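Student: I'd like to go through the charged side chains in this one. Can you show me the model?

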Amino acid sequence: MCTFEHLTTQGRTALSDHDPQTASDHLTKALNLWRGRALVGVTTGEILSAHVTRLEEDRLRALEMRIEADMHLGRYQELISELKVLVYTYPLHERFHGDLMTALNRSGRRYEALEVYRRLREVLIDELGLEPSAPMQRLHEALLTADTTEPADHLLAHHLPFQQTPARNRRRTRRTATR
């Protein structure tokens with residue numbers, strides 16, 4: 001476990017230092033230490049169950065960071081199949097959906113990226129009664145209005161604001177201006 005945490009810390013540091021290749025290398029090594037779920041077959045009480053949850057969350061965060069590093073390296077096509085499995089495994093995890101949408105778009109498959117959003121929205125509404133988060137809606141809007149495969153760079157971190165006026169607001173503004 002100490003090796004995993006050490007490699008994850010090195011990967012996180014490299015990512016924040018804008019060194020995605022080193023980050024990807026460290027995080028890949030860290031994730032390769034895992035074999036299935038944490039403490040499978042061990043009877044857990046409340047305390048140990050909480051520890052298992054923390055371990056699983058640490059693994060998931062390392063995976064998110066490794067994918068982010070690989071996205072910065074332009075490995076979009078290589079990530080698509082892995083992201084499709086992750087979206088299936090974690091149907092409510094918006095970040096995986098956003099990364100898959102970006103990878104598909106960057107691979108010239110915008111129509112599939114839009115379908116990923118549609119399915120995510122459907123699941124969120126059906127399961128939780130919620131719309132996708134604002135960053136996911138901005139990514140969707142960027143895909144709808146983009147003329148190129150470039151719209152999602154600023155959304156990779158899933159927290160930076162999008163400056164473009166949404167299309168529905170532009171239509172409303174035009175309609176109001178013509179009255």
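Tutor: Here it is. Arg66, Asp70, Arg75 and Glu82 are linked in a network of salt bridges. Keep in mind that this is a predicted model.

Student: Why would side chains pair up like that?

Tutor: Side chains of opposite charge can pair when their charged atoms come close.

Student: OK, what about Asp70 and Arg75? How far apart are N and O there?

Tutor: The salt bridge between Asp70 and Arg75 has an N to O distance of 2.8 Å.

Student: Is Asp70 buried or exposed?

Tutor: Asp70 is buried, because its relative accessibility is 7% and the cut-off for buried is under 20%. Arg75 is partly exposed, at 26%.

Student: New topic. Which residue does Arg109 form a salt bridge with?

Tutor: Its partner is Glu112. The closest N and O atoms of Arg109 and Glu112 are 2.7 Å apart.

Student: And how accessible are Arg109 and Glu112?

Tutor: Arg109 has a relative accessible area of 26%, so it is partly exposed. Glu112 has 19% and counts as buried.

Student: Now Glu122 and Arg118. Where do they lie?

Tutor: Both are in helix H6, which covers residues 110–128. They sit four residues apart, about one turn of the helix.

Student: Are Glu122 and Arg118 buried or partly exposed?

Tutor: Glu122 is partly exposed at 41%. Arg118 is partly exposed at 40%.

Student: Last one. How many salt bridges does the structure hold?

Tutor: It holds 14.

Definitions and conventions
Residues are numbered from 1 along each chain as its sequence is written. This is a predicted model: local features need pLDDT of at least 70, side-chain atom pairs count only at pLDDT 80 or more; totals for chains, interfaces and linings use all residues. Side-chain values use heavy atoms; hydrogens and water are left out. A salt bridge is a side-chain nitrogen of Lys or Arg within 4 Å of a carboxyl oxygen of Asp or Glu. Buried means under 20% relative accessible area, exposed over 50%, partly exposed in between (1.4 Å probe, protein chains only). Helices (H or I, at least four residues) and strands (E, at least two) are DSSP runs, numbered from the N terminus.
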